[in-house]
Amino acid sequence: MAQVLNRWFRRLPVWAVWLLGAIPLVLLVWDTFHGNLGVEPVRDIEHRLGRTALYFLIGTLAVTPLLRLTRINLVPFRQALGLICFSYAVLHLSAWIAFDMAFLWAQMLKDVVKRPYLIFGMLAFLMLTALAVTSNRWSIRRMGAGWRRLHRLIYPAAVLVSVHWLWALKLWESKPLTMLGLILVLLALRLLRFLPRAGRNAAPRAGA
């Protein structure tokens, strides 16, 4: 099954992933112009953009575990998934600045200081910005091993985003809790990868 899927994925161009990634935005624009949002349309726009960013962030995180556990290879699309995630994060932040804050920068700063969940969101956005800016071959060559260390920021960024969502709702709803749980599972899989290596390195010292 994995081989069949991988053959199909090899024929799939990266631009097709970008087209698929644009579907949530197209649906949001459609719902906005057709009055299909809720009683608080600005809130719905912001939340849908933020949720979509988180979904693509989780998809980016899942690429490596999926390859290791099922041999399904989505690695060629990981960069696109990450950049789509960042694009929705930019739209989410822009919607908050334009619609909610009306470009009132002083009020915006007061809100960030007053509401801790906004600080979580801003920190996550800064991390995602660093990842997006360095998601290119030039940065990989220039930074060397430091590039891998930098891109581990995706894990704390994902945790911060999910906590930002959960805290903003002020309710223990199932969807954000599920997303946070899924992120923690992916993080645990990442950490478990290093345990055997650490055990092998410790064995000679124990016997010395």
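Buried here means under 20% relative accessible area, exposed over 50%, and partly exposed in between, with a 1.4 Å probe and protein chains only. By that cut-off Asn 6 is buried, because its relative accessible area is 13%. This is a predicted model, where local features need pLDDT of at least 70, side-chain atom pairs count only at pLDDT 80 or more, and totals for chains, interfaces and linings use all residues. Residues are numbered from 1 along each chain as its sequence is written, and side-chain values use heavy atoms, with hydrogens and water left out.

Asn 6 is found in helix 1; helices are DSSP runs (H or I, at least four residues), numbered from the N terminus. Leaving aside neighbours within four places in sequence, Asn 6 is in contact (heavy atoms within 4.5 Å) with Arg 71, Ile 72 and Asn 73. The C-alpha atoms of Asn 6 and Arg 71 are separated by 8.5 Å, though the two are 65 residues apart along the chain.

Arg 190, in helix 10, also counts as buried, because its relative accessibility is 19%.

| Residue | Touches |
|---|---|
| Arg 190 | Arg 152, Tyr 155 |
| Leu 128 | Leu 57, Cys 85, Phe 86, Ala 89, Ala 157 |

Leu 128 brings us to the core. A nonpolar core is a set of buried Ala, Val, Leu, Ile, Met, Phe, Trp, Tyr and Cys residues joined through side-chain atoms within 4.5 Å. The largest one has 50 residues, and Leu 54, Leu 57, Trp 96 and Leu 128 have the most contacts inside it. Several helices supply at least two residues each, among them helix 1 (2–10), helix 3 (41–70) and helix 10 (174–192). Helix 4 gives the largest share of this core, 11 residues.

Helix 6 (residues 116–133) and helix 9 (residues 154–169) pack at about 150°, with axes 8 Å apart. Axes are lines fitted to C-alpha atoms over the stretch in contact, and angles run from 0 to 180 degrees between N-to-C directions. The two helices are therefore roughly antiparallel, a label for angles over 145 degrees. The contact includes Leu 123, Met 127 and Leu 128 of helix 6, and Ala 157, Leu 160 and Trp 167 of helix 9. By class, this contact has 17 nonpolar, 2 polar and no charged residues; Ala, Val, Leu, Ile, Met, Phe, Trp, Tyr, Cys and Pro count as nonpolar, Asp, Glu, Lys and Arg as charged, and the others, Gly among them, as polar.

How values were computed:
Parallel < 35°, antiparallel > 145°, perpendicular 65-115°, else oblique.
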